[in-house]
Amino acid sequence: MEYLENRFSQGIRDSVPIGLGYLSVSFTFGMAAVSGGLPLGAAVIMSLTNLTSAGQFSALTLIIEQAGLFELALSQLVINLRYALMSLSLSQKVDQKMKAYERAMIAFGITDEIFALSSSRYERIGKWYMLGLMTFPIACWTFGTFLGGAASEILPLAIRDALGIAIYGMFLAIIIPPAQKIKAIRVVLLLSISLSCLVAFLQHWVAISSGFVIIVCTVLATAICAWLFPVEENGHV
């Protein structure tokens with residue numbers, strides 16, 4: 001018989017490392033948003049309703065550049081499409097008695113870290129555990145955005161610029177360790193960098209907005225690497 005973990009308190013306990021990690025990233029986002037001209041309240045609402053670091057940072061760039069709504073929506077679809085796949089995968093692990101609206105609520109809180117933990121720690125999980133696993137990270141992500149935005153309004157410009165570099169360090173810390181171990185990740189990174197440089201060079205002759213640069217590079221890099229490194233039926237690359 002499968003063990004079903006469905007304690008809200010256990011979900012909270014398991015989510016503490018995730019939430020604490022989100023504080024630093026969302027602090028940087030809050031600073032970037034307010035420094036870019038976004039009202040503090042809008043930045044906080046954006047974090048509360050999205051919960052996606054890469055998506056929010058790319059959206060912030062497009063908002064600052066006053067990109068069109070179609071471009072903004074399409075870039076978010078491409079960047080966050082993985083969450084739909086994660087939700088489909090997780091639907092096989094949650095309590096089978098869970099109602100459709102409960103699954104939809106849980107899907108809202110799926111992030112890379114929450115998915116990794118929830119899909120690997122227990123045999124089967126219930127709605128109360130998942131709600132506990134989501135609550136603390138969402139609160140930290142939102143509160144960190146508020147702290148970063150508020151600090152951006154108080155700190156001197158030189159300090160804000162220095163702290164703004166933290167986001168680049170965060171992304172490097174995310175991509176370098178797996179790239180050292182997995183060849184497919186190294187290839188997709190190098191390919192993405194090459195495509196970005198190529199598109200930046202072409203922008204001297206062809207007007208391409210930042211949103212479509214993200215879309216083109218993401219789709220091409222992932223498509224080429226999916227062709228070069230197909231996943232076998234047993235799940236190994």
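A salt bridge is a side-chain nitrogen of Lys or Arg within 4 Å of a carboxyl oxygen of Asp or Glu. This is a predicted model, in which local features need pLDDT of at least 70 and side-chain atom pairs count only at pLDDT 80 or more, while totals for chains, interfaces and linings use all residues. Residues are numbered from 1 along each chain as its sequence is written, and side-chain values use heavy atoms, with hydrogens and water left out.

By the salt-bridge rule, the count comes to four. Side chains of opposite charge can pair when their charged atoms come close. One of the salt bridges joins R7 and E5, whose closest N and O atoms are 2.9 Å apart. To describe how covered each partner is, buried means under 20% relative accessible area, exposed means over 50%, and partly exposed lies in between (1.4 Å probe, protein chains only). E5 has a relative accessible area of 1%, so E5 is buried. R7, at 41%, is partly exposed.

Another salt bridge is formed by D14 and R121, with 3.1 Å between the closest N and O atoms. Because D14 lies in helix α1 and R121 in the loop between α6 and β2 (124-125), this pair ties together parts that are 107 residues apart in sequence. Helices (H or I, at least four residues) and strands (E, at least two) are DSSP runs, numbered from the N terminus. D14 is buried, with a relative accessible area of 7%, whereas R121 is partly exposed at 47%.

The side chains of D112 and R82 also meet in a salt bridge, 3.0 Å from N to O. This pair links distant parts of the chain, with D112 in helix α6 and R82 in helix α4, 30 residues apart. D112 is partly exposed at 31%, and R82 is partly exposed at 26%.

T111 has a relative accessible area of 3%, so T111 is buried. A polar atom of its side chain lies 3.2 Å from the backbone nitrogen of I114. Leaving aside residues up to four places away in sequence, T111 touches Y22, L51, Y83 and M86; contact here means heavy atoms within 4.5 Å.

Now to the nonpolar interior. A nonpolar core is a set of buried Ala, Val, Leu, Ile, Met, Phe, Trp, Tyr and Cys residues joined through side-chain atoms within 4.5 Å. The largest core has 30 residues, of which L90, I110, I125, Y129 and M130 touch the most other members. At least two residues each are supplied by α1 (8-35), α2 (40-50), α3 (53-64), α4 (69-90), α6 (112-120) and α7 (127-154). The most come from α7, which gives six. Y129 touches residues that include E5, R7 and D14, not counting residues up to four places away in sequence. Apart from this core lies another, of five residues, among them V199, V213, C217 and A221.

What remains is the surface. F70, F212, V216, L220, I224, W227 and L228 form a nonpolar patch there, with about 700 Å² of accessible area together. Such a patch is made of residues with over 30% relative accessible area and no salt bridge, with nonpolar side chains (Val, Leu, Ile, Met, Phe, Trp, Tyr) joined within 5 Å and like charges within 9 Å. Accessible areas come from the Shrake-Rupley method with a 1.4 Å probe, and for residues only the protein chains shown count as cover. Helix α11 gives the largest share of the patch, six residues. L220 lies in α11 and is partly exposed at 38%.

Definitions and conventions. A polar contact is a pair of N or O atoms within 3.5 Å; within protein, one must be able to donate a hydrogen and the other to accept it, and residues adjacent in sequence count only if both atoms are side-chain atoms.
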